[in-house]
Amino acid sequence: NSKIAQYVRSNRGTDLVYHEGNTYTPNEKLREGQKSRDWKCSMYHKAKCRARLVTRITGGGDIIHVTSNLHTHPTMYTTQKTDISVVDQKLCLERNPLCVNTRSIKM
């Protein structure tokens with residue numbers, strides 16, 4: 001029951017993992033030869049959120065393993081799919097008004 005990681009780019013250019021309405025920021029720099037990467041919820045500082053996940057790097061896409069799903073805030077984003085016919089299916093994220101102090105992400 002593993003999920004393939006979906007990546008989005010922050011306004012500052014950082015790659016984030018999008019998973020179940022929230023984004024996760026890297027917990028460490030990616031080193032050469034590394035097979036997995038730790039991520040923390042993007043609301044770690046603003047909401048003292050402790051949610052975490054790990055991505056395992058594979059040839060068929062990075063696999064998500066959630067290590068803690070305890071968010072201290074409402075879901076950060078509501079997903080909006082734009083044009084289904086577009087080959088390069090981009091994720092369009094809209095900020096959830098219930099989750100304060102988050103920024104929208106440009107794709």
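Visitor: What makes the seven strands in the order E1-E7-E6-E5-E4-E3-E2 a sheet?
Guide: Pairing between strands, which requires at least two DSSP bridges between the two. In this predicted model, the seven strands form an open sheet in that order, with antiparallel pairing. The strands themselves are DSSP runs of at least two residues, numbered from the N terminus; a helix would be an H or I run of at least four. Residues are numbered from 1 along each chain as its sequence is written. Local features need pLDDT of at least 70 and side-chain atom pairs 80 or more, while totals for chains, interfaces and linings use all residues, and side-chain values use heavy atoms, without hydrogens and water.

Visitor: Why are strands E1 and E2 said to stand at the edges?
Guide: E1 (3-4) and E2 (6-9) each have a single partner strand, so one side of each is left without a neighbour in the sheet.

Visitor: How do you know that E3 and E4 pair?
Guide: E3 (residues 15-19) and E4 are joined by three antiparallel bridges, and the requirement is at least two, so they count as paired. Among the bridge partners, His19 goes with Asn22 of E4, and Tyr18 goes with Thr23. The hairpin of E3 and E4 has two residues between the strands, and Glu20 takes a positive phi near 50° there.

Visitor: What makes E4 and E5 partners?
Guide: Three bridges join E4 to E5 (residues 36-41), and the two run antiparallel. Thr25 stands opposite Lys40 in E5.

Visitor: Why is Thr23 called buried?
Guide: Buried means under 20% relative accessible area, exposed over 50%, and partly exposed in between, with a 1.4 Å probe and protein chains only. Thr23 has 1%, so it is buried. Thr23 belongs to E4 (residues 22-26), and four of the five residues of E4 are buried, so this strand is largely enclosed by the rest of the structure. Over the protein, buried residues make up 34% of the 107 residues.

Visitor: How do you know that the side chains of Thr23 and Ser42 make a polar contact?
Guide: The distance is 2.9 Å. A polar contact is a pair of N or O atoms within 3.5 Å; within protein, one must be able to donate a hydrogen and the other to accept it, and residues adjacent in sequence count only if both atoms are side-chain atoms. The distance of 2.9 Å is within the limit of 3.5 Å, so the pair of side chains qualifies.

Visitor: What makes a set of residues a nonpolar core?
Guide: The members are buried Ala, Val, Leu, Ile, Met, Phe, Trp, Tyr and Cys residues joined through side-chain atoms within 4.5 Å. The largest such core has 15 residues, of which Val17, Tyr24, Cys41 and Leu53 touch the most other members. E3 and E5 are the elements that give two or more residues to this core, and E3 gives the largest share, three residues.
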